[in-house]
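Please look through the sequence and the model shown here before reading the remarks that follow them.

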Amino acid sequence: MFYYMPVKVYEEKDCVAKHAEELASFGRKALIVTGAHSAKANGSLDDVINALKSEKTEYAIFDKVEENPSVETIMRARDFGLSENADFLIGIGGGSPMDAAKAIAYMMKNKDLTSEALFDKGAVSDYLPVIAVPTTCGTGSEVTGVSVLTRNDIHTKMSMTHKIFPSLALIDAKYLLTASRNVIVNTTMDAFAHLVESYINSTATEFSRDIAITGLKYWSLSREIILNNEKPSYDNLRNMLLASTYGGMAIAHTGTSLPHGLSYALTYNTHMAHGKACGYFIGGYLAESDKEEVGTVLRAAGFSSIDDFNKYYENTCGRDTVSSDILELSIKDILTNPGKQKKAPFPVDEKVLRRIAL
Ligand code: NAP
Ligand code: FE
């Protein structure tokens, strides 16, 4: 058996302040990477700035990362980071800024390369150190080597080829207290998708499965609060954030499977939030999977059946009507991606994909 996840992880209240010295130890000047608003509103940006100031470490801020970050944004941030002479990255936010920080770290280290190198297996894999501070409870990007980017040249989203794990993850559920119901609902569905797609995956091992089941148990502790639209407490949010981090640890080993692969065309073409788009295909994926494995993941998450999960999805995310043209693009994405097909522990052909997606 094998498991590799080389991120130093701290999880606690006031985590950033408590680990200021370590946060500042990765270089001389940090490029802080955030979205436009949330890091300022939830206190995470101030915490990071105060920690760096307390250690007399310089910083510059790039706060223009959009949801589902594009390669164009990565290149703008790279130019800014180089002009500021930054030598390490701090990604604060949901998956978008954390993933962006990884790709920017790659492009800053390899400043003579063009953006094509992000997706070129043959290119060097060096990068500047990255620190991740998650503020949503979905992607687990703080513990994965993955960076998902929007490629406007080919009208879809795609993972960067190079594995870029953060050196340090500082995890504090207090940043989630200001998140809207929408952000919580969508990102908890992403975490659920990671846990399920990792457990029901041809590359799963006992290590990754134990991690996925632990994550599903944390997830189950807070799911009713979300279903009933109650205001989540710090502890409720912490459960979901831990589920998300465990989900990241699980997919760091296995990768995701068909629901994630199918989701990208949906998000690109309809702007459906990432977690909601993955959840759209989970019921169909479970229906094709081994009954025993399905029973194990559903039980761990507190669901009695696939129908029970489908109802939860409808009542939280809401099931949108998606045009068959777009779903055909989702199916095509998998048919042209043998690597993704192999992640499913059952034979995948067009018929199976149609049953899952349509
Ligand atoms: P996100 O795209 O990072 O952020 C979604 C929205 O939530 C933004 O409007 C953001 O505002 C807001 N937000 C973030 N934290 C908040 C908080 N604490 N309070 C209030 N609002 C907050 O969302 P995400 O679902 O976490 O990330 C999705 C991205 O991650 C996708 O590109 C997806 O493909 C990728 N992903 C990566 C991995 C991986 O392993 N690396 C896995 C799954 C998904 P601001 O823009 O103002 O910050
Ligand atoms: Fe995801």
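This is a predicted model: local features need pLDDT of at least 70, side-chain atom pairs count only at pLDDT 80 or more; totals for chains, interfaces and linings use all residues.

1. Residues are numbered from 1 along each chain as its sequence is written, and side-chain values use heavy atoms, with hydrogens and water left out.

2. The protein chain has 16 helices and eight strands, these being DSSP runs numbered from the N terminus (helices H or I, at least four residues; strands E, at least two). Its radius of gyration, taken over C-alpha atoms, is 19 Å, close to the 21 Å that the globule rule (2.2 Å times the number of residues to the power 0.38) gives for 358 residues, so the chain is as compact as a globular protein of that length.

3. Of the 358 residues, 57% count as buried, which is to say under 20% relative accessible area with a 1.4 Å probe, protein chains only.

4. Helix α6 covers residues 95–109, and its 15 residues should span 21 Å at 1.5 Å a residue, which agrees with the 21 Å between its end C-alpha atoms; the expected span is 1.5 Å times one less than the number of residues. This helix is mostly covered, since 14 of its 15 residues are buried.

5. R151 lies in strand β6 (residues 148–151) and is buried, with a relative accessible area of 16%. Leaving aside neighbours within four places in sequence, R151 is in contact (heavy atoms within 4.5 Å) with V71, F119, T156, K157, M158 and Y268.

Terms used
Chains are lettered from A and ligands numbered from 1 in the order in which they are written. Buried means under 20% relative accessible area, exposed over 50%, partly exposed in between (1.4 Å probe, protein chains only).
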